[in-house]
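Please prepare a careful report on the structure shown below, with attention to its chains, the packing of its helices and the contact between the chains.

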Amino acid sequence: MMGVNEKRGSAFPEGGVLETPKKTLFQENWGLFRKNRLAMAGLMIFVAFFIIALTGRILTYGRDPYFNPALVRLQEKLRPPLSKPNMETLKPEEVPRLGIYLFGTDDLGRDVFSRMFQGSWVSLTVGFVAVSIAVVIGVFLGGIGGYYGSSQISLGYLLASVLLGGGIIGILLGGTAVGVLMVLLGAAVAAVLIRMGNSKGKRPIPMGFSVLFFNLFSVDVLITGLIDIMLCFPSFFLILTVVALLPASIYNIMIVIGLTSWMGAARFVRAEFLSLREQDFITAATALGVSNWRIIFRHMVPNAMSPVLVSATIGIATAILTEAGLSFLGFGVPPPDATWGNILSSGKDFLFDAPWLTFVPGFAVLIVVLAFNLFGEGLREVLNPKLRER
Amino acid sequence: MLAFLGRSLIQKIITLFFVSVISFLIIYLAPGEPSQIDPMNPKFTQEVLERFRKEFHLDKPLHVQYFYFYRDLISGKSVSWKDNRPVLGKIYERFLNSLPLFILGTLITWTLSFPVGIHAAIRRGSFYDRSTTFLAYLLISIPGFFFAYMLIIFVVTQFHVPVIGMETFGISSAGWSWLMDRVWHLLLPSILFGAGGIAVLSRYVRNQMLEVEGQDYVRTAKAKGLPADKVHYKHALRNALLPFVTMFGLILPGLLGGSVIIEYIFSWPGMGRMAYEAILARDYPVILTVNFISAILVLVGTFISDLLYMVVDPRIRL
């Protein structure tokens with residue numbers, strides 16, 4: 001089946017003969033994007049950062065890494081950038097690979113270049129994983145809110161899901177007896193609902209049970225309510241609290257940032273779905289008997305993705321900044337693993353004696369985040385025709 | 001109008017209830033207990049621990065704890081676990097310290113963003129527009145703590161003034177030098193507080209202005225030969241300003257968020273720093289109260305902005 005916006009341009013010339021358009025949508029957008037020099041610079045830095053982080057992963061992790069970020073040389077501490085190592089005091093295996101300390105050394109004599117190299121991988125993964133989590137949750141909830149928004153949630157379904165969910169949480173927390181009881185009750189309610197739902201209309205519902213089908217609120221109210229609730233939390237403070245209470249690990253940071261930043265994507269997808277649902281090609285698909293899931297994932301999601309893509313790009317920038325802030329405050333990746341935030345954090349004690357410990361990671365974060373922001377804005381201008389210059 | 005007010009009030013109370021439940025669950029379900037914060041301390045015997053748990057209801061089931069906690073919070077009786085002082089009093093004291101920072105930062109943001117954004121929109125595509133755009137991206141992208149250290153290095157080496165803390169320790173408490181000392185200490189954190197805001201707000205002003213400038217009535221005004229200044233500032237600007245009236249409500253939550261790192265760097269004894277210390281000490285009442293208050297601020301802020309929008313924009317009046 002032909003996608004809606006794959007083909008554009010003059011598909012019907014005067015002769016009435018179908019002719020393939022000269023440019024695909026991608027080529028057209030790429031042409032526009034290339035004219036935006038700032039965004040192009042952003043894209044190039046983005047690609048370079050990607051390659052650097054991947055090589056950093058290969059060269060600085062493992063038992064005997066090529067660049068060893070954890071090697072302590074106390075006699076060589078706080079050497080400025082580009083300084084030569086003092087060969088007489090170093091064992092042969094302690095000599096830095098490049099022959100010089102490209103970015104200097106820190107207060108333990110560790111090579112800042114190797115540590116920056118290692119930190120680039122942390123920044124990259126935090127950005128991408130956190131945003132992927134946020135986008136998946138956002139698209140899922142926003143999609144449900146937009147597509148099934150008008151269907152009602154009845155008392156019975158709410159009861160069943162609350163009992164089941166509460167029971168499972170109860171079992172996980174140790175209250176086994178109560179938990180099992182709640183799960184059983186929930187399952188019973190669900191079973192009654194499904195039986196009744198199947199025979200609905202054929203047989204009259206017995207008196208006592210009709211209350212289960214009392215409609216409480218719509219799905220849309222539920223989803224928008226959830227978004228409103230999440231927006232009430234001060235995000236950095238919430239992330240800080242959760243990360244501080246959980247055991248220190250990079251995965252916790254990714255998950256927490258992802259779980260607290262899906263609201264933007266959910267809103268965009270919901271709004272797009274609301275307008276897409278009314279359009280003719282969806283009506284046509286429904287009339288052809290295409291299933292709901294296929295309509296959602298094959299026809300609606302691809303058309304709703306462009307604002308999500310833009311907000312995801314900018315979300316990566318925000319996630320990298322948040323991770324750096326957390327590392328700076330001393331939460332997050334446990335030492336000795338380096339991140340840009342904790343290099344800067346340990347450098348703050350030597351602000352005037354060793355400013356490179358502040359400037360090198362600071363500029364690295366700045367450049368990468370700036371690249372993502374510029375790339376995202378360029379993408380927004382290309383994907384949203386209303387913003388194009390006339 | 002009244003129906004709208006009532007509906008939105010009920011909606012906000014329900015939201016607040018769920019926020020209180022969720023934040024309570026997050027904190028209490030996280031692994032570890034406040035009684036274990038200092039396991040090496042010999043003063044924490046089993047007996048003391050039991051008394052501690054009993055005193056703060058930690059031995060009760062979760063829903064009972066929830067009830068006790070919010071009852072204490074609303075009646076103003078909840079105390080900090082760290083030093084047994086009333087939480088609300090503690091927050092109020094720190095709030096007074098944060099207030100000058102917040103006011104000056106907000107003033108810097110709002111007074112600078114509007115001229116910058118409007119000029120950028122009027123001269124779209126010019127050198128001025130492009131450089132302010134780039135500068136805005138730079139300000140959005142720079143990590144706050146890095147920017148803070150650059151400013152500290154600059155000010156300390158150029159002007160030789162101390163900037164960390166609220167005032168220089170032991171300075172005489174009156175006179176010109178004291179005032180200047182306070183101003184210097186206030187200036188850097190406020191600039192940092194305002195910097196991110198300027199970047200976002202000036203971009204928003206520019207886009208809003210561009211949208212209005214593209215409308216037909218502005219073209220009509222130009223076509224009938226009005227002077228450019230009159231078109232820009234009288235016809236276009238007024239409509240472009242509409243959405244910003246609503247943003248007054250949205251400043252409120254800024255009282256709390258975003259100041260943790262700045263106050264940490266500058267050792268500023270404000271609310272953000274208090275929240276940070278409370279998190280380190282697992283002082284649950286303080287953490288939860290700060291969270292609750294900021295949720296209230298967000299809800300009140302959106303409510304005010306809805307109201308203001310209805311007042312200034314007759315098109316959406318219900």
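Which are the buried residues of α11(B)?

## A covered helix in chain B

The buried residues of α11(B) are B:Met271, B:Gly272, B:Arg273, B:Met274, B:Ala275, B:Tyr276, B:Ala278 and B:Ile279, where a residue is buried if 20 or more other C-beta atoms, placed from the backbone, lie within 10 Å of its own, exposed if 12 or fewer do, and partly exposed in between. With eight of its ten residues buried, α11(B) is mostly covered. Just after α11(B), B:Arg282 takes a positive phi of about 50°.

## Basis of the model

This is a predicted model, in which local features need pLDDT of at least 70 and side-chain atom pairs count only at pLDDT 80 or more, while totals for chains, interfaces and linings use all residues. Residues are numbered from 1 along each chain as its sequence is written, and chains are lettered from A and ligands numbered from 1 in the order in which they are written.

The predictor's confidence in each residue, pLDDT, runs from 0 to 100; its mean over chain A is 81, and 89% of the residues of that chain reach 70 or more. Over residues 1-11 of chain A, however, pLDDT stays under 50, and for this stretch the model has 14 contacts beyond four places in sequence. Where pLDDT is low, the predicted coordinates should not be read in detail.

## The two chains

Helices (H or I, at least four residues) and strands (E, at least two) are taken as DSSP runs and numbered from the N terminus. Chain A has 13 helices and two strands, whereas chain B has twelve helices and zero strands. The C-alpha trace of chain B spans about 85 × 60 × 35 Å along its principal axes.

Of the 390 residues of chain A, 38% count as buried, and of the 318 residues of chain B, 33% do. Two residues are in contact if their C-beta atoms, placed from the backbone, lie within 7 Å. Among contacts between residues at least 6 apart in sequence, 70% in chain A join residues at least 24 apart, and in chain B the corresponding figure is 72%.

## Helix packing in chain A

Two packed helices are described by the angle between their axes and the distance between the axes. Axes are lines fitted to C-alpha atoms, for helices over the stretch in contact, and angles run from 0 to 180 degrees between N-to-C directions. On these terms α3(A) and helix α6 (residues 219-232) of chain A pack at an angle of about 145°, with their axes 8 Å apart. The contact is made by A:Leu141, A:Ile144 and A:Gly145 of α3(A) together with A:Val219, A:Asp220, A:Ile223, A:Thr224 and A:Leu226 of α6(A).

In helix α8 (residues 250-259) of chain A, the buried residues are A:Ile253, A:Met254, A:Val256, A:Ile257 and A:Gly258. Their cover includes α3 (112-147), α7 and α11 (292-328) of chain A.

## Helix packing in chain B

The helices α1(B) and α12(B) pack at an angle of about 155°, with their axes 10 Å apart, which makes α1(B) roughly antiparallel to α12(B); angles under 35 degrees count as roughly parallel, over 145 as roughly antiparallel, 65 to 115 as roughly perpendicular and the rest as oblique. Residues in this contact include B:Leu16, B:Val19 and B:Phe24 of α1(B), and B:Ile287, B:Phe292 and B:Leu299 of α12(B).

B:Leu73, found in helix α3 (residues 62-74) of chain B, counts as partly exposed because it has 18 C-beta neighbours inside 10 Å. Leaving aside neighbours within four places in sequence, B:Leu73 is in contact with B:Ser78, B:Thr289 and B:Phe292.

## The contact between the chains

The contact takes 35 residues from chain B and 34 residues from chain A. On the side of chain B that touches chain A, the elements giving two or more residues are α1 (2-29), α5 (127-141), α6 (144-159), α10 (260-265), α11 (271-280) and α12 (284-312) of chain B. By class, that side has 28 nonpolar, seven polar and no charged residues, with Ala, Val, Leu, Ile, Met, Phe, Trp, Tyr, Cys and Pro counted as nonpolar, Asp, Glu, Lys and Arg as charged, and the others, Gly among them, as polar.
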